[in-house]
Amino acid sequence: MKSFKFLLTIVVIVTAMSFTTKDVVYTIDMEKSKLTWIGKKVTGQHTGGINFAEGNLNVNSNKVTGGSFSIDMTSITDIDKNERLVSHLKSDDFFSTEKNPKATFVITAITWNKDQYTVKGNLSIKGITNEVEFPATIQMGDNKITAKAKIVVDRTKFDIKFRSGNFFENLGDKVIEDNFELNVELVAIQGV
């Protein structure tokens with residue numbers, strides 16, 4: 001009788017394991033993925049790009065369940081090719097790219113309704129980590145994922161306080177908004 005119970009237990013465990021699906025990893029296509037930023041100030045705004053260093057999305061049962069990304073902060077550009085601005089963004093006033101060449105984002109939770117997802121995760125900039133949450137549109141098909149999202153980031157939470165009206169007085173039209181946008185257009189391929 002004991003051997004029958006033991007055999008039955010083994011069969012149950014093996015059966016349960018066979019129904020457990022593993023995450024499928026999709027790797028970012030660096031050529032097709034795009035990350036742009038928008039920073040606003042009283043007198044206008046600046047726009048530019050930043051490159052992904054690496055990243056992946058995890059999929060289980062045709063749903064994105066997680067992922068992580070690394071961003072090459074040294075690659076930051078300005079759409080107007082303003083080298084003085086780019087140099088300033090790389091300085092200690094902003095992203096300190098010499099000391100902190102990469103930023104990271106790790107997904108901690110995802111909820112979904114059809115192709116509209118709500119993504120939560122830990123964003124690390126300058127070695128400081130804060131949770132962010134944002135909506136994302138994610139579509140899957142033919143071993144490929146495409147995703148779009150707009151992430152609003154409060155730079156002061158990452159010790160980027162240069163010309164913030166919340167930390168400095170009498171800035172007048174020199175104030176730079178605390179929030180900046182990261183617009184993500186992501187393409188990830190299975191098995192790359």
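A pocket here is an open set of grid points with protein on both sides within 12 Å along at least five of seven lines, and its lining residues have an atom within 4 Å of a point. By that rule, the second largest pocket of this predicted model is lined by Met30, Ser33, Lys34, Leu35, Thr36, Gly48, Gly49, Ile50, Asn51, Phe52 and Thr77. Strands E2 and E3 each supply at least two residues of this lining, and the largest share, 5 residues, comes from E3.

The largest pocket is lined by 31 residues. Those that lie nearest its centre are His46, Leu85, Leu89, Phe94 and Ile176. Five elements each supply at least two residues of its lining: strand E2 (34–41), strand E3 (44–60), helix H2 (83–90), strand E6 (116–125) and strand E9 (176–190). Here the largest share, 5 residues, comes from E9.

| Pocket | Volume | Lining by class |
|---|---|---|
| Largest pocket | about 680 Å³ | 17 nonpolar, 6 polar and 8 charged residues |
| Second largest pocket | about 180 Å³ | 4 nonpolar, 6 polar and 1 charged residues |

Confidence comes next. The mean pLDDT of the protein chain is 87, and 84% of its residues reach 70 or more. Over residues 11–19, pLDDT stays under 50, and the model has 0 contacts beyond four places in sequence for these residues. Where pLDDT is low, the predicted coordinates should not be read in detail.

Definitions and conventions
Residues numbered from 1 in each chain as written. Predicted model: local features only at pLDDT ≥ 70, side-chain atom pairs only at ≥ 80, totals over all residues. Heavy atoms only, no water. pLDDT = per-residue confidence, 0-100. Contact = heavy atoms within 4.5 Å. 1 Å grid on protein atoms, 1.4 Å probe; cavity = no way out; pocket = protein on both sides within 12 Å on 5 of 7 lines; lining within 4 Å. Points joined across faces, edges and corners; volume = space filled by probe spheres on them. Helix = DSSP H or I, 4+ residues; strand = E, 2+ residues; numbered from the N terminus. Nonpolar A, V, L, I, M, F, W, Y, C, P; charged D, E, K, R; others polar.
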